[in-house]
Amino acid sequence: MTSVATLIASIPSSVASEQTCSPALAAGPWTFDQAPGYGPGASLGDVLPTGSPRQGSLPEEYRNETNERLHERIRAAKATLGDRVVILGHFYQRDEIVEHADFLGDSFQLANAALTRPDAETIVFCGVHFMAETADILARDDQRVVLPNLAAGCSMADMADIDSVTECWEELASIYGTEPDADGRVPVIPVTYMNSSAALKAFCGAHGGIVCTSSNAETVLEWAFERGQRVLFFPDQHLGRNTAKAMGVPLELMPMWNPRKALGGHDEQTLLDARVLLWHGFCSVHKRFTVDQIDRARLEHPGVRVIVHPECPMPVVDAADEYGSTDYIRKAVAAADEPTTFAIGTEINMVNRLAAEFPQHTIFCLDPVICPCSTMYRIHPGYLAWVLEELVAGNTVNRIEVDDRVAVDARVALERMLAAKPKAD
Ligand code: SF4
C-alpha cells in the first residue's frame, strides 16, 4: 500500500498544484510550525484564532532524520516505555503514524480505548487538539495526555469559541426568556459536536446541554427536543442540518447563526420560529465534496455505491446513496459481501486505508485532488519520535491539560450523551 504521504512526495512539482490542494504538503510540517496558520491544504484559508497553541521548533535531529530512522526510534522508545504509554491514532492520521498506534478509531472511540489501558501513565493522542482535551477529561487524574504537535488543531472546532457562544446565548435569552413552556421544555438546549473545545462542552454541561458525535447526532437531538423547544447546534452547520432534516425539521426552521452579526443575522420572529439554530461552522475537508463529483463517479462507475460523511454539505448528502460517521463508513464497507465499487466522501487517509484493507472492493475518494486534513497532517513521525524519546528521558512535552472546573462541566455533557442511547440500541 502506498501511503498518502508517499504519494504526495512522489508527485512531480510541475503537476503538484493540479493533483494536490497544496504543493507545500510535500514539506515537513515543521516548516509551518512558526507560521500562524493551519498549514498547507484544505484549511489554509481558515482563520486561526489568536489564542491557538503554537508548536515551537521541532529539534533539528528529528527534522533531519530519515523516515526509516524515525520509525526505528519510535519503536525503540515505545518498547522502553512498554505499558506506561498508549498511542492512539485517529482514522485520518497518516499511515506512518497509524502503524505505531495501539488503537485506531474516531475521537470518542479512542478516548474510551485509553480507559482500557489503566497502566498507561501517558496517552499519546495522534489526532487534533479537541480530541486530546476529551481524552484528558475522560482519563484518570494520574494519566497525562500528550499531543505530538500542538499546531494540530481543528479549523471547524475553532469556528465556535466560548466568547461568541456565550454572547449568542445571552442574545437568545433576551428574546426567548428563560422560563419553560407548559410541557416543561426550556426555550433552547445547547448541543455541541464532539469537534469542539473543552470550554464549549463545559458550556453545554452547565446549561442543560449535551455533546454529540456524528454517530449519535439524531439520538442526541431527540434527547434535546424532549427537554427544549429549540436547539442551538455548534460548531458544524452541516452535521446539524443533515441530521435535523432527516428527522423532518423543515429547512426554514433552521436559521444559521452568524456570530459576526447582531442576532446572528436574523429578525426576532425567525429566531422565535426556529427549531434548530445552526452555528456558522464547517469542516474544510468535507466541504470540498460536491454533487458534481458524485455525478462523475456515477458516470464513470455505473452501480457505484456513494457513501459520504454527514459533515458534507446537504446537497452532497442528498445526492449520495448513504451517509454516516467514519465508523458507519468502515462497517458498511466491511459488511459488503459482493465485490463492490465504493466512492467515499471523507478524509483521504482513511479512504486509502480502506482500499488497502478491502482489496476485494474498488474504493476511491470522491475528491480526485489529494487533500488530507491539514491539521491531522501536522502529526509526522518526527514529532512522535520526539515526544516518546522525551518521555523515555523523564520529560513530558506537549501535555494537554483541561482545567478542573472546565472538565467537571464538560464531563456532565459527555455523560448525558452516553446516557442518551439510540432507539435501535
Ligand atoms: S477533518 Fe475536519 S473536522 Fe476533522 S479534524 Fe480535520 S478539519 Fe477538523
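## Burial and the model

A residue is called buried if 20 or more other C-beta atoms lie within 10 Å of its own, exposed if 12 or fewer do, and partly exposed in between, with C-beta atoms placed from the backbone. By that rule Leu263, with 17 other C-beta atoms within 10 Å, is partly exposed. The model is predicted, and local features need pLDDT of at least 70, side-chain atom pairs count only at pLDDT 80 or more, and totals for chains, interfaces and linings use all residues. Residues are numbered from 1 along each chain as its sequence is written.

## Overall architecture

The protein chain comprises 18 helices and 13 strands, these being DSSP runs numbered from the N terminus (helices H or I, at least four residues; strands E, at least two). Its C-alpha atoms fill a box of roughly 65 × 55 × 40 Å along the principal axes.

Of the 425 residues, 49% count as buried. Among contacts with a separation of 6 or more, 68% join residues 24 or more positions apart, two residues being in contact if their C-beta atoms, placed from the backbone, lie within 7 Å.

## Helix 7 and its surroundings

Helix 7 (residues 129-138) is largely enclosed by the rest of the structure, because nine of its 10 residues are buried; Phe130, Glu133 and Asp136 are among them. The buried residues of helix 7 pack against several elements, including strand 1, helix 6 (107-115), strand 3 (122-126) and helix 18 (404-419).

Phe108, in helix 6, is itself buried, with 24 other C-beta atoms within 10 Å. Its C-alpha atom lies 7.8 Å from that of Met131, 23 residues away in sequence, and, apart from neighbours within four places in sequence, Phe108 is in contact with Met194 and Thr213.

## Gln93

Gln93 sits in the loop between strand 1 (85-90) and helix 5 (95-98), and is buried, with 29 other C-beta atoms within 10 Å. Not counting residues up to four places away in sequence, Gln93 touches Val98, Cys126, Asn349, Met376 and Ile379.

## Helices 10 and 11

Helix 10 (residues 217-227) and helix 11 (residues 237-246) pack at an angle of about 75°, with their axes 10 Å apart. That makes helix 10 roughly perpendicular to helix 11. On the helix 10 side Ala217, Glu218 and Leu221 take part, and they meet Leu239, Thr243, Ala244 and Ala246 of helix 11. Axes are lines fitted to C-alpha atoms, for helices over the stretch in contact, and angles run from 0 to 180 degrees between N-to-C directions; angles under 35 degrees count as roughly parallel, over 145 as roughly antiparallel, 65 to 115 as roughly perpendicular and the rest as oblique.

## Backbone features in loops

The peptide bond from Phe234 to Pro235 is cis, with omega near -10°, and Pro235 belongs to the loop between strand 7 (231-234) and helix 11. Leu263, in the loop between strand 8 (256-257) and helix 12 (268-273), has a positive phi near 50° although it is a residue other than glycine. Asn398, also not a glycine, has a positive phi of about 60°; Asn398 is located in the loop between helix 17 (381-392) and helix 18 and counts as buried, with 21 C-beta neighbours inside 10 Å.
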